[in-house]
Amino acid sequence: MKDSPVNTLFEQLINFDKSIPQPVYVQVAQQIINAIQRGYISKGTLLPGTRVLSQTLKIHRNTAVAIYEELASQDWVEIIPNKGTFVIEPSLKTVKIKASSQKINEAYKTAKTTGFPFQKSFHLASTVQLSKVQYTINDGKPDLRLHPVHEFSRWYSAAMKRKTIIKKWNSSNQSLHSLFETQLCNYLNATRGFHINPNNLISTRSTEMSLYIVSQLLIKQNDVVLVGNLSNYAANMIFQQAGATIKTIPVDADGLDVDYIRKHFIKKSIRCIYICAHRDYPTTVTLSAERRLALLQLAKEFGFAIIEDDYDYDFQFTGSAMLPMASADGDGMVIYLGKLGQSLFPSFQTGFVIAPENLISEAKNYLQLLDEQGDLIQQQMLSELIYEGEISRLMKKNVVIYKQRRDCLSQLLTQHFFEIAKWKIPSGGLAIWIQFQNQISLVKLAEEAEKNDLFLPKTILYQDKNTCAIRFGFGHLALEEIEIVIKKMKSSYKNLILK
């Protein structure tokens, strides 16, 4: 049996990796199933005995036994005592696939390119950069280490055990508002000054999904979308993919320059404007109350929509957070995007859209296509956390921690970058806008930083003839890590200057 064609086939086809979590016997069994499906091993074939198989693949005999038992449990082989293991063709299995290639080894390779054309998108090119360094600066993300793991396990387990979950999954009644939608409305009315009901709201997986749905509803090819002259790259990608023509508006100490819009555009020429009114992205400046009112009036007069992305409303350290523009919108001009659960792991956070009922009704049609089922367990759990006050409690605890980190960063910047850069300590948020006094190459600074075990991704670097700045996210760094990162950035800066 050692020299049988089947044994030779196994030597050619079967490979396994002991370093991955999947057991070896499962890896091998899957490859034998693949060979049967492709017609390399036909019905009735006698497979090598377990002793021969273990010698051929250089595995323990118990592993060989487990391989055949796995195949038998899936009804691919029949083990007949004192006779051997024979291949069968289960009637319910996938029709076998015969590879057209004459090279057996190529049967396990997937084509690198399609045999047909498809539409590529330049706008959706990934901005992800990979680095093996220990320390990283991002654009202002929360610290996942603050996620309440033990409490969360209890909450999630309790939500899964609710009998109402199965009823919701099996229900065909989509007209009734869920408990989650009602609780979320109550929460937003209490915390953001809204007066909404579930007809004004949809819940999505993320802010990006919210913005994508809104852009599909609003934007047609070549529609003009206004953004700040330094703006959110992810939002811009979504708008461009929808066919928008993006035009930039100056941003100063009071936020977006509304007078500039009035002077340089005419009525009906603008489709929508994207703003982060609470804290501009990336500069962190707040749109003043005067300009908020002016923008609302201009939107009504010119007939454009305002997309208000309030991505970090909950992270307010000093004073009271300025209420969203949407809370003062009586003319239906504002579409509000937000996020709930930023003290939890990202997979358990939820995005939401608040807008007039007619737009929400259409948005739900898109959401039905993209995410018909949703995450009922997540919604059940968040409903209970809102009702019991846990969401507010977690946020308040974390805000204290983030404020300490902001103040620590401010002190270290003063110590190490006082004559090099300027910055303004924001009243909230998880990022600081650091502007260098002299023009330096931020790309080269990032290169020096990486040599120093510090990663500065290109998405936080902003440089043109008038700007040389970094959006320094500190939320994910503990106090001792902030000190290490600042010292590494200072050292990298010195190395760059000396060159």
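Just after helix H3, Lys58 takes a positive phi of about 60°. This is a predicted model: local features need pLDDT of at least 70, side-chain atom pairs count only at pLDDT 80 or more, and totals for chains, interfaces and linings use all residues. Residues are numbered from 1 along each chain as its sequence is written, and side-chain values use heavy atoms, with hydrogens and water left out.

H3 itself covers residues 50-57. Helices here are DSSP runs of H or I with at least four residues, strands are E runs of at least two, and both are numbered from the N terminus. Of the 8 residues in H3, 6 are buried, so the helix is largely enclosed by the rest of the structure. Buried means under 20% relative accessible area, exposed over 50%, and partly exposed in between (1.4 Å probe, protein chains only). The buried set is Thr50, Val52, Leu53, Ser54, Thr56 and Leu57. These residues pack against helices H1 (5-13), H2 (24-37) and H4 (61-73). Contact here means heavy atoms within 4.5 Å.

Next come the strands. An open sheet of 3 strands runs in the order E1-E3-E2, with antiparallel pairing. E1 (46-47) and E2 (77-80) stand at its edges, each with a single partner strand, so one side of each has no neighbour in the sheet. Two strands count as paired if DSSP finds at least two bridges between them. E2 and E3 (residues 84-87) are joined by 4 bridges. One of the bridge pairs links Ile80 to Gly84 in E3.

Strand E15 (residues 431-436) is mostly covered, with 5 of its 6 residues buried. E14 (residues 421-423) pairs with E15 in the antiparallel sense over 3 bridges. E15 also pairs with E18 (residues 468-473), again antiparallel, over 5 bridges. Ile434 ties these pairings together. Trp423 stands opposite Ile434 in E15, and the bridge partner of Ile434 in E18 is Ile470.

Now turn to Tyr274, in strand E10 (residues 272-275). Tyr274 is buried, with a relative accessible area of 4%. Beyond four places in sequence, Tyr274 touches Leu211, Leu226, Val227, Asn232, Ala235, Phe239, Ile307 and Asp309. With Asp309 there is a side-chain to side-chain polar contact at 2.6 Å. A polar contact is a pair of N or O atoms within 3.5 Å; within protein, one must be able to donate a hydrogen and the other to accept it, and residues adjacent in sequence count only if both atoms are side-chain atoms. Ile335 is 61 residues from Tyr274 along the chain, with a C-alpha separation of 9.6 Å.

On a 1 Å grid over the protein atoms alone, a cavity is a set of points where a 1.4 Å probe fits but cannot get out, and a pocket is an open set with protein on both sides within 12 Å along at least five of seven lines; lining residues have an atom within 4 Å of a point. Grid points are joined across faces, edges and corners, and volume is the space filled by probe spheres set on them. The whole structure holds 3 cavities of 30 Å³ or more. E6 (224-228) and E10 each supply at least two lining residues.

The second largest pocket holds about 800 Å³. Asp139, Gly140, Lys141, Glu208 and Lys339 are the closest to its centre among 33 lining residues. H9 gives the most to this lining, with 4 residues.
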